[in-house]
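Dear colleague,

I am handing over the structure that we spoke about, and below it you will find my notes on what was found.

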Amino acid sequence: MSTRNSPPGRIEGKVAIVTGGGSGIGLAIAEKFTQAGIETVIVGRDEKKLSQAKEKLGKKCHPIICDLSNLSTIPSFVCDVTRQFGQIDILVNNAGINMKKIIEEVTDEDFQKVITTNLTAVFVVSREVVKQMVKQGSGSIINISSMAAQYGLPKVIAYSASKTAIDGMTRAMAVELGPKGIRVNAIAPGFIITDMTDKALNSDPERKAKVFNRTPMGHMGQTSDIGDAALFLASDAAKYITGVVLPVDGGNSIGF
Ligand code: NDP
């Protein structure tokens, strides 16, 4: 058992898929996982981003290029992982996109694009992985939700719809899969410093001020804060936890 960053229970040697593991929050999750000895498959569209992540994380990191919005390619990518590693113990549905526009300007295509990546692809990846987890009689699935599902956020209509659906899907999957030994939880990150939030907040000082005003801890989170929470939920330390949406947000969701 590795002593570095390892939670209680056997985690070393487990196999995880982290979608969007090449950057931001996904990269931080993959880093915590590889440090704990988990064979970690990271998935994304950008080959360069994935190979930089591989260079950083080392031999426990296994990049796979897949555009998850191309839903028909998902079953074969999950099959490849199962064939290569023989098992899938952990799935982190982290890949996601955002789009900031006022409602009147959101086209049908804009809306559908966000829903396909943030919601439908999460369903399809989960369904395929669950087929393997059911055979094993165990597994842990972690969906990355958002504050946009905790309260109303303007100008991100499709994103809010997708993340709110993620919370519902987390609970529905948890009750259906609990008897089969599979736990399903979500993490709702508060405002975490990544490229996505850089774009969303730096262009909108008013929104940025509001974020800080309603975050009792007074600062934005680090991607590693989400990595720590994901490692906990993936591990046996969380073996009786299923169906929760865990805010990791410096108190933002309950801020006055
Ligand atoms: P990033 O933009 O840094 O990461 C998003 C990742 O998703 C990228 O690695 C990207 O990889 C991958 N991705 C996007 N679309 C696809 C696709 N079609 N197929 C495969 N991979 C895809 O953002 P964050 O790290 O900030 O966000 C990660 C998750 O956390 C998202 O679900 C986001 O909604 C959520 N979140 C983030 C918050 C924050 O404060 N940062 C707050 C709340 C939630 P590539 O470009 O290689 O395809």
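Around the ligand, the helices α1 (24–35), α5 (157–177) and α6 (195–202) each supply at least two residues of the shell, where helices are DSSP runs of H or I with at least four residues and strands are runs of E with at least two, numbered from the N terminus. This is a predicted model, in which local features need pLDDT of at least 70 and side-chain atom pairs count only at pLDDT 80 or more, while totals for chains, interfaces and linings use all residues. Residues are numbered from 1 along each chain as its sequence is written, and side-chain values use heavy atoms, with hydrogens and water left out.

Of the 29 residues around the ligand, those that come nearest are Arg45, Lys49, Asn94, Tyr159 and Thr194, a residue being near if one of its heavy atoms lies within 4 Å.

Turning to polar contacts (pairs of N or O atoms within 3.5 Å), a polar side-chain atom of Asp67 lies 2.9 Å from a nitrogen atom of the ligand, and one of Lys163 lies 2.9 Å from a ligand oxygen atom.

Elsewhere, Glu39 forms a salt bridge with Lys60, their closest N and O atoms being 2.9 Å apart; the term means a side-chain nitrogen of Lys or Arg within 4 Å of a carboxyl oxygen of Asp or Glu. Because Glu39 lies in strand β2 (residues 39–44) and Lys60 in the loop between α2 (47–57) and β3 (61–65), the pair ties together parts that are 21 residues apart in sequence.

Best wishes

Key:
A polar contact is a pair of N or O atoms within 3.5 Å; within protein, one must be able to donate a hydrogen and the other to accept it, and residues adjacent in sequence count only if both atoms are side-chain atoms.
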